[in-house]
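Work through the following exercises with the sequence and the structure at hand. Each task is followed by a solution in steps.

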Amino acid sequence: MKKKYSFLNFLFLLPVFLLAQQNNIAKNTSDWEIKISQVNVIENGDFSNGNTGFYSSYSYTSTNTTEGEYYVGKDASRWYPDHYSCGDHTNGKGKMLLVNGSPEENRVIWKTTSKIQPGRKYRFTFWITSISVPNPAVMALVINGKEVSRFKSSGKPCTWASNSVAWLPDGTGSATIALINKNTIRHGNDFALDDLSFIETTETITPDCSEKVTAGFTPAISESNVLSLSLKETSLKSLKTVHWSVNDSIHTEEHSPVFSGLSPGTYSVKAKTISLNGCIDSTIQSVTIVKKAAPVQASLTPGSILPGYDTRKMEISKTFDIKEDSVRVLLSDNGIVDGDSITLVYDGKIILTHYLLQAKPLELKLPVSKNQPVHELIMYAENLGSIPPNTSLMKVFDGSKKYEVYIRASEKSNAVVKFRRTP
Ligand SMILES: [Ca+2]
Ligand SMILES: [Ca+2]
């Protein structure tokens, strides 16, 4: 079910900033100290184990008679007498992949699929030499169906050269790597491949942003002024996150958020997308609400619309002494997320209603002005979820100081937290 952000009493919201975005404060710094594996994830990349660990559409034969054949061996001249007698790349004495280029287009010489770790970066390297003259091979490297490089072998036989390409995972969780010879000439066009590797890297890789998810979106406004937002892109496969903001005061990372109870006016709606390959896009649109929904009454008090608000006991959970001009408050469901729905009242005004508590914290920035000695945040339970009462973990940040408190609200009591401004 989609949660709804109400704009009830929207005029009162300013300058309260609600940030329903994922917070990274509690994230352990060790998350960033990623150990890089130097292991080659390609099996048998040096061909020391023979004809195994890869697929080929070429024909395997120990004696070369025609084009489109391959062999895993130590000496090209023993495979076909007119080939040069080149040593392998690994140590000059080992095995390599010997190939007589096919005249058919796009025949796969070598292909394998490797599992990859999400969020990591990789580098694929292969070595190639011609074993005959003329017409050196032109090797296309294809990863997950996309050609990422094209490399021409040196025309000189027994002269190894390497091609190496850095690669960012595309969200599929694996990398199917293929080598295809783009040269289809029969004469010459014979070569050897060796020391294929696919290894994690820490280098900076510029992503190919021609395949990013664009942040174009369509706002839809219903009769009752419910604003629904969704991205235009039909395939969200390569979307990592979308960040929505309305008037830069309400933020959410839901894919398709719904905002209810908007008062008439013009809103600046921004969508920012980050694709799995790290490419960023953003779009801003003005959304105008013309038809009046329920009239907003400046005199509306929480008690006039929240049943039992005034009669419930005000249970003070904690009073905090605050030094800064504002506090950051993070609210999340305590333990099992069971559908607790709440309204929050700050200094007598509703700042958020029909909010479903989640494991991912809601972030609020609340002003703690000196004009008023004590500020009150009240949590009102709209329902009790499946496990009553409504309990929530509240984290309070006063500058660099951090506090935690569990608060609970029920049909009998409202949870109250006070912020006392220190001089
Ligand atoms: Ca080798
Ligand atoms: Ca040939």
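**Exercise 1. Burial and contacts across the chain**

Task: State what share of the residues of the protein chain count as buried, and how many helices and strands there are.

Solution. Of the 423 residues in this predicted model, 30% count as buried. Next, count the elements: the chain has 28 strands and three helices. Finally, turn to contacts between residues at least 6 apart in sequence: 74% of these join residues at least 24 apart.

**Exercise 2. A methionine in β8**

Task: Is methionine 139 buried or exposed, and which residues is methionine 139 in contact with?

Solution. Locate methionine 139 in strand β8. Count the other C-beta atoms within 10 Å: there are 23. The cut-off for a buried residue is 20 or more, so methionine 139 is buried. Leaving aside neighbours within four places in sequence, methionine 139 is in contact with Ile128, Phe151, Ser153, Asn163, Leu179 and Asn181. One of these, serine 153, is 14 residues away along the chain, and its C-alpha atom is 7.5 Å from that of methionine 139.

**Exercise 3. Backbone features in two loops**

Task: Where are asparagine 106 and asparagine 135, and which peptide bond is cis?

Solution. Start with the loop between β5 and β6, which holds asparagine 106. Its phi is positive, about 60 degrees, although asparagine 106 is not a glycine. With 13 other C-beta atoms within 10 Å, asparagine 106 is partly exposed.

Move on to the loop between β7 and β8, where proline 134 is found. The peptide bond joining valine 133 and proline 134 is cis, with omega about -5 degrees. Asparagine 135 lies in the loop between β7 and β8 as well. Phi of asparagine 135 is also positive, near 60 degrees. Asparagine 135 has 18 other C-beta atoms within 10 Å and is partly exposed.

**Exercise 4. A sheet of five strands**

Task: Give the strand order of the open sheet of five strands, then describe how β22 and β23 pair.

Solution. Read the order across the open sheet: β20-β28-β25-β22-β23, with mixed pairing. The edge strands, β20 (313–322) and β23 (349–356), each pair on one side only. From one strand to the next, the twist averages 20 degrees. Last, examine β22 (residues 341–346): β22 pairs with β23 in the antiparallel sense over five bridges. Tyrosine 346 stands opposite lysine 349 in β23.

Conventions: Residues numbered from 1 in each chain as written. Chains lettered and ligands numbered in written order. Predicted model: local features only at pLDDT ≥ 70, side-chain atom pairs only at ≥ 80, totals over all residues. Helix = DSSP H or I, 4+ residues; strand = E, 2+ residues; numbered from the N terminus. Buried ≥ 20, exposed ≤ 12 C-beta atoms within 10 Å, placed from the backbone. Contact = placed C-beta atoms within 7 Å. Pairing = 2+ DSSP bridges. Axes fitted to C-alpha atoms, helices over the stretch in contact; angles between N-to-C directions.
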